[in-house]
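Hi everyone, thanks for making time today. Let me put the sequence and the model on the screen, and then we can walk through a couple of spots together.

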Amino acid sequence: MGACSGGSTPTPIPPTATPPATRTPVPPTATPQPTSTPVPPTPTPGGVCSAPAWDASAVYIGGDVVSHNGHEWRAKWWTQGEEPGTTGQWGVWEDLGACN
């Protein structure tokens, strides 16, 4: 085999441009936020409750706090005449703990 004859020089083909790589966006991860927890009132030192004493004839609405038998109690809903500590965990009064 010998040299080629024919006379024309081949024209180089320019390289084709490669498109830039595409990036798939990653959604940001949500950071959990702390939730607010209600803080019961702090009893005063010496075993004395800071809430007023429960009164059987008074009307209490949800959120009212009273003291009774050395504990503080918060009403879960409207009540009158229901003694705190006598209706159990499903009753109207939530035990906030001992005053001392």
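A disulfide here is a pair of cysteine sulfur atoms within 2.5 Å. Before I use that, a word on the source: this is a predicted model, so local features need pLDDT of at least 70, side-chain atom pairs count only at pLDDT 80 or more, and totals for chains, interfaces and linings use all residues. Residues are numbered from 1 along each chain as its sequence is written, and side-chain values use heavy atoms, with hydrogens and water left out.

So, how many disulfides does the rule give? The count is one disulfide, and the bond runs between Cys 49 and Cys 99, with an S to S distance of 1.6 Å. The torsion about that S-S bond is about 95 degrees, so the disulfide is right-handed. Cys 49 lies in the segment before strand E1 (59–60) and Cys 99 in the segment after strand E5 (93–98), so the pair links distant parts of the chain, 50 residues apart. Strands are DSSP runs (E, at least two residues), numbered from the N terminus.

Are these cysteines buried or exposed? Buried means under 20% relative accessible area, with a 1.4 Å probe and protein chains only. Cys 49 counts as buried at 18%, and Cys 99 counts as buried at 4%.

My other stop is Val 92, in the loop between strand E4 (79–80) and E5. At 0% relative accessibility, Val 92 counts as buried too. Beyond its neighbours within four places in sequence, Val 92 is in contact (heavy atoms within 4.5 Å) with residues including Trp 77, Trp 78 and Glu 82. Glu 82 is 10 residues from Val 92 in sequence and 7.8 Å away, C-alpha to C-alpha.

Definitions and conventions: Helices (H or I, at least four residues) and strands (E, at least two) are DSSP runs, numbered from the N terminus. Buried means under 20% relative accessible area, exposed over 50%, partly exposed in between (1.4 Å probe, protein chains only).
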